[in-house]
Amino acid sequence: MIIELSVALVAIAFAVLVFFLIKTLQSAKVSLDKVSQTLQEVQKTVDELTYEVKTTVRHANDITADVQGKIQKIDPIVDSVKNLGDVMNELTLTVKQVSVTVIEKFRKSRELKEKADTVSINNNELTPAEERTLSSYKAVNENKSSSKVATVLKTVDTAAAIWQKFRR
């Protein structure tokens, strides 16, 4: 009878074990179903995002191509502006050199005139040839230097005004 009782007890224990094992497996099945459903939703979302990302990349490529085309069209203009800047720089240097040369000539002319005036004041006893040379020099320089200097100064003023207007 002990054997029968032990077999019955083992059978009951096995039945209880199977009952709880079935409950655990059903709970695991529900959890796996939820995980499967979540994975399907994630896959759907990833597919939608993939489409959006591909569309965005295509638009970015189109924009990049458009910008590159416009930059290529603008390159000659930028080169022209650079060349114009170089020309203006050279023009400024040339005007500066011309003005320095004109000022130097004006100073030399003035110094020679003052020297001639000093010589005529200091040496009242000049030979007729020297007097004629000084007289002709004075006459020529008074007429030429005043008209040339005035013309040069007007030209420099005009060039400076044009340069200032251009810079604005």
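Mentor: Phe-20 has its place in helix 1, which covers residues 2-122. A helix here is a DSSP run (H or I) of at least four residues, a strand a run (E) of at least two, and both are numbered from the N terminus. The model is predicted, so local features need pLDDT of at least 70 and side-chain atom pairs 80 or more, while totals for chains, interfaces and linings use all residues. Residues are numbered from 1 along each chain as its sequence is written, and side-chain values use heavy atoms, without hydrogens and water.

Trainee: How many helices and strands are in the chain?

Mentor: The chain has two helices and zero strands.

Trainee: What share of the chain's residues is buried?

Mentor: Buried means under 20% relative accessible area, exposed over 50%, and partly exposed in between (1.4 Å probe, protein chains only). Of the 168 residues in this chain, 5% are buried.

Trainee: Which residues form the nonpolar patch on the surface?

Mentor: Ile-12, Val-16, Phe-19 and Phe-20 form it, with about 410 Å² of accessible area together. Patch members have over 30% relative accessible area and no salt bridge; nonpolar side chains (Val, Leu, Ile, Met, Phe, Trp, Tyr) are joined within 5 Å, like charges within 9 Å.

Trainee: How many salt bridges does the structure hold?

Mentor: Side chains of opposite charge can pair when their charged atoms come close. The cut-off puts a side-chain nitrogen of Lys or Arg within 4 Å of a carboxyl oxygen of Asp or Glu. The structure holds four salt bridges. One of them joins Asp-33 to Lys-29, at 4.0 Å from N to O. Another joins Asp-66 and Lys-70 at 3.3 Å, N to O.

Trainee: Why are Asp-66 and Lys-70 separated by about one helical turn?

Mentor: Because Asp-66 and Lys-70 are four residues apart in helix 1. Asp-33 and Lys-29 are likewise four residues apart in helix 1, about one helical turn. Asp-33 is partly exposed at 43% relative accessibility, whereas Lys-29 is exposed at 52%. Asp-66 is partly exposed at 41%, and Lys-70 is partly exposed at 48%.

Trainee: Which residue forms a salt bridge with Lys-82?

Mentor: Asp-86 does, with the closest N and O atoms 3.3 Å apart. Lys-82 and Asp-86 both lie in helix 1, four residues and about one turn apart. Lys-82 is exposed, at 52% relative accessible area, while Asp-86 is partly exposed, at 37%.

Conventions:
Accessible areas come from the Shrake-Rupley method with a 1.4 Å probe; for residues, only the protein chains shown count as cover.
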